[in-house]
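My notes follow in the order I made them.

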Amino acid sequence: MSLFTNADVAAFRADRLASIISTYFPSVTWSDAYLLQQIQAAEKDVSRKLKVKLEPTAVFPYPPSDEEIAALDGKPYLDEPGYDYDPEFFRAERWGYIVTRHKPIISVEEVRLAYPSPSQTVYRIPDDWLRLDRKYGQIRMVPASSAFVAPLGAFIMQALGGGHTIPSMIQVKYTVGLENAVTEWPDLIDVIMKSAVLRLIKGGFFPGSESISADGLTQSRTVKIEDFEKPIEEALFGPKGSNGGLWTAIHGIPMGIVGVVV
């Protein structure tokens, strides 16, 4: 799936390409299909750099069935492994703390404990227990009004009571990504379009500099790709030495902790 369709190509051609066509490609004509391909390629590249899905994406903790895929009605999806259960999961100040692999969270459809096979539901966490920090992909579980009885078998009770970590037992089914990116993140759309223009220029395989001489006249041209890349990188990550850009707007200010051993 993509944020862009053939309907966006005409505006891209008129608004973004007029100047570079006259400067770099005066005799080149691109098809609408090729321009859409470059826009969508730039979209995927920006998504990978920002480590975020640019449209709502369903995340399954198992390979989804054909019926589940059909129910998405074309919405993109992916599957990921579960999260390990450890003996401290519900103890002390943990409150069933999970940090999802993808963020920001749009909604959580289900959290369950599954053992021994991924398709066997052992225990579903009541929905009103879930406390979300959507931006940072954090889930906590606070006992609320819903009562529950967990159908745990004898072997599972031994595993849990024996202090063992159980791999991939916690399964989270959720939806992540940016909602309404076209209307709510216009600066993101602008970066994608600029990146698509840059892809076209790179695709021309221009030399760094060239000159033409004829009848005493000399024409020279210098193409520095770095000059085009810099404003795009600054829009994505902020100017050098800053904590700005789209990355910070989506994920928050990055922070690292340096330990000193004495």
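This is a predicted model: local features need pLDDT of at least 70, side-chain atom pairs count only at pLDDT 80 or more; totals for chains, interfaces and linings use all residues.

I then picked leucine 17 and looked up its partners beyond four places in sequence: Phe12, Trp30, Leu35, Val197 and Leu200.

**Whole chain.** I counted nine helices and eleven strands. Of the 262 residues, 37% are buried. The chain exposes about 15300 Å², and carbon and sulfur atoms supply 55% of that. For contacts between residues at least 6 apart in sequence, I got 65% joining residues at least 24 apart.

**Confidence.** Mean pLDDT for the chain is 83, with 79% of residues at 70 or more. Where is the mean pLDDT of an element lowest, and where highest? Strand S10 (residues 209–214) has the lowest at 51, and strand S1 (residues 57–60) has the highest at 97.

**Helix H8.** I checked the length of H8 (residues 225–237): its 13 residues reach 18 Å from first C-alpha to last, close to the 18 Å expected at 1.5 Å a residue. Just after H8 comes glycine 238, with a positive phi of about 85°.

**Threonine 175.** Is this residue, threonine 175, buried or exposed? Its relative accessible area is 7%, which is under the 20% cut-off, so I put threonine 175 down as buried. Threonine 175 sits in strand S9 (residues 166–176). Leaving out residues up to four places away in sequence, I have threonine 175 touching Pro56, Thr57, Ala58, Lys75, Pro104, Ile105, Ile106, Ser107 and Glu109. I also looked at histidine 102, which is 73 residues from threonine 175 along the chain; their C-alpha atoms are separated by 9.1 Å.

Most residues other than glycine have a negative phi, and most peptide bonds are trans. I went looking for exceptions. The bond joining lysine 103 and proline 104 is cis, with omega about 0°. Proline 104 lies in the loop between S4 and strand S5 (105–114), and it is one of the residues that threonine 175 touches.

Aspartate 73 has a positive phi of about 55° though it is not a glycine. I placed aspartate 73 in the loop between helix H4 (66–71) and strand S2 (77–79). Its relative accessibility is 72%, over the 50% cut-off, so aspartate 73 counts as exposed.

Tryptophan 95 also has a positive phi, near 55°. Tryptophan 95 is in the loop between S3 and S4, and at 38% relative accessibility I have it as partly exposed.

**Aspartate 86.** My last stop, aspartate 86, is in the loop between strand S3 (83–85) and strand S4 (98–99). Its side chain makes a polar contact with the side chain of arginine 94 at 3.2 Å. Beyond four places in sequence, aspartate 86 touches Arg94 and Thr165.

Methods: Residues are numbered from 1 along each chain as its sequence is written. Side-chain values use heavy atoms; hydrogens and water are left out. Helices (H or I, at least four residues) and strands (E, at least two) are DSSP runs, numbered from the N terminus. Buried means under 20% relative accessible area, exposed over 50%, partly exposed in between (1.4 Å probe, protein chains only). Contact means heavy atoms within 4.5 Å. A polar contact is a pair of N or O atoms within 3.5 Å; within protein, one must be able to donate a hydrogen and the other to accept it, and residues adjacent in sequence count only if both atoms are side-chain atoms. pLDDT is the predictor's confidence in each residue, from 0 to 100. The expected span of a helix is 1.5 Å times one less than its number of residues. Accessible areas come from the Shrake-Rupley method with a 1.4 Å probe; for residues, only the protein chains shown count as cover.
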